[in-house]
Amino acid sequence: MQQQTYSYLVRLWFLFNAVIALAPPIYWLADNYKAPILGMPATLFYFLIVCVSITASILYAYWEESSKGAFTS
Amino acid sequence: MMITFGIMLAFFLLLIVVLQRIRVDEHSFSTYAVGDRSFGARYQAMSFLNTWYPGAMFTAFGGMAAASGVISFYVLSYSLLTVVLMYIMAKPVWNWGKSFDLRTQPDLFALRYNSRHIRTIAALIGIVSGIPWLVLGMQALGEMFRYISLGAMSFSQAVIFGVIVIAIRQFWTVKIGMRGVVISDFFQGIMAYIVGTAMLIALIVWLVVVKDISFASLDPAKFSIPNIGSKEGPLYLFSLVLTGALGGWCWPYIFVRLFTANGVQSLKKSAALAVPLSLLFGAALLIFGMLASALPSVAGHSTEVWFIVSHEAGGLVLLGLAGVVLLAASMGHIDGNIQATGAQIANDLLGNYFKLDTRQLIIISKFGMLGLTILSSWLACMKLPALFSLAVLAYQGIIQLSVPQFLGIFWKRGNKYGAMASMTCGFLIAVTLELIYPSGLSWAYGLTSGAVALVANVFIYVALAYLLPQPKEETQRVKSLFRLAEEHGSRTNTETSTMPQAEALFLQRL
């Protein structure tokens, strides 16, 4: 039985995660930005955003697949 | 010392009770090697975490956070990205594993590339690369015992004691196999990552409220990331995160987690359960390490930060608990490593060239685990100055498996010639670069030897995929495999497989 693959949103989100976690210009920018963001240093904020985005994307992907019934035969 | 060791002894005895209650089932080698693919999401999630995050997280990465600051967050970035890879790989890998009774990572290589010898190459790279990390894990336990003995033990005595403890623990790994590893991972994981995270959050509160430490108290240099013009090179972070995320699934003891689940849904659900736990644990540990660096007692002893702060904040009881958390994390990683290596020795080395029945495979696997435990215990007790360099070298080498592994799973065109040539050349390039430039490649803008070798690795794989097209029958076989990979995955899907049974048996015999 063929199953539907991930939605475009999930694919884009996974790709976005890879870009923000890996692309050097983004972390250079965070390193150059010296003012605190939400009370924390910009580099720490950058890492937390990357980590929260990855976590949320997996939770969303699982929720989406479950709600579409992708796991039921 | 009685308090700290008493708390650890109580935990160890409780763990043995859990292990003793697990039923030994050896009706097939798959039962022994992958727990009969019977585990649900919660067991899978905890088993993944307990194998992924070793005890060294508290010493090496906690220490790195204390000594170097925010750059240590790279470990969390790649640890979470690797869960994304798990989510994406879950369906094809589990479906192939279930349909062809795959038990190890090299089994998957053999299936995808229709080659017996690739199984041997992948197994040898995995086994050899894993040994330095096993020895380091045992030595880290020695460090822990030295600290919690409050100076009563010398480093050598503590390492020997740690080795004896972990060697005793391996009795159950050898006896029960994967079922014992996964069930004990669940128990150990609760202690290491749920109790451990709760302790970390409490210690952060203690540092902020009692010691009045905040991010503003820290040296601004601790918040810098290697940038253009930095000593490490502008691509250093990119290289660390990329090789970490890809490399994670190259370790045989991590990869085999994909074969122990009872379905694709369990695997994906385990990713959804593991990822928030991983985020909380990792962020708490690294923030804790950074804040603790402001304590005078931590300066110069950053790798002991977990013990120093636990001791200062909660006395001997909290120090004993800190030891339990680290022991639980270490045991999960070491057990997983030993179990997967034993299975590979039987399945991918001897079993690849001799026809062995279930009983023989299990016996060889057990002897392999026993031999590895003795070898690594012996090495851990020796003074090996190059051990850490060897471990780094092993990591740069093993990530070369990632190209044939990931491209093989997601791209139909790759062939066995490209797979064998790319990973072998990548491995040799990484090792050569590491030997020529042991302190880093100054001309590579921060790229590690493994990352540079990956470029050559991908080029060889892709070039040979186009230069040596697959024969027609092989193209059809690979297409069938990919169709199968897209099927709905559950414990009962074998009967509906689109691959002819005869071909499945043929592939399995490779």
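A helix here is a DSSP run of at least four residues, numbered from the N terminus. In this predicted model, Pro106(B) belongs to one such run, helix α6 of chain B, which spans residues 105-113.

A residue is buried if 20 or more other C-beta atoms lie within 10 Å of its own. Pro106(B) has 27 other C-beta atoms within 10 Å, and therefore counts as buried. Setting aside neighbours within four places in sequence, the residues in contact with Pro106(B) are Arg119(B), Ala122(B), Ala123(B), Gln344(B) and Asp348(B). Asp348(B) lies 242 residues from Pro106(B) in sequence, yet their C-alpha atoms are 6.7 Å apart in space.

Helix α6 also has a part in the surroundings of another helix, α17 of chain B. The buried residues of α17(B) pack against α5, α6, α10, α18 and α19 (449-467) of chain B. Most of α17(B) is covered, with seven of its nine residues buried. These are Ser402(B), Val403(B), Pro404(B), Gln405(B), Leu407(B), Gly408(B) and Ile409(B).

The packing of α17 (residues 402-410) on α18 (residues 416-436), both in chain B, can be described by its geometry. The two axes are 8 Å apart and meet at an angle of about 150°. Angles over 145 degrees count as roughly antiparallel, so α17(B) and α18(B) are roughly antiparallel to each other. On the α17(B) side the contact is made by Val403(B), Pro404(B) and Gly408(B), and on the α18(B) side by Ala419(B), Ser422(B), Met423(B) and Gly426(B). By class, four of these residues are nonpolar, three are polar and none is charged.

Chain B also touches chain A. Here 34 residues of chain B are in contact with 29 residues of chain A. On the chain B side, the elements giving two or more residues are α5 (74-100), α10 (236-248) and α13 (264-292). Of these, α13(B) gives the most, with nine residues. The chain B side as a whole has 24 nonpolar, six polar and four charged residues.

Leaving out residues up to four places away in sequence, Val325(B) touches Met191(B), Ala192(B), Val195(B), Gly196(B) and Met199(B).

Methods
Residues numbered from 1 in each chain as written. Chains lettered and ligands numbered in written order. Predicted model: local features only at pLDDT ≥ 70, side-chain atom pairs only at ≥ 80, totals over all residues. Buried ≥ 20, exposed ≤ 12 C-beta atoms within 10 Å, placed from the backbone. Contact = placed C-beta atoms within 7 Å. Nonpolar A, V, L, I, M, F, W, Y, C, P; charged D, E, K, R; others polar. Axes fitted to C-alpha atoms, helices over the stretch in contact; angles between N-to-C directions. Parallel < 35°, antiparallel > 145°, perpendicular 65-115°, else oblique.
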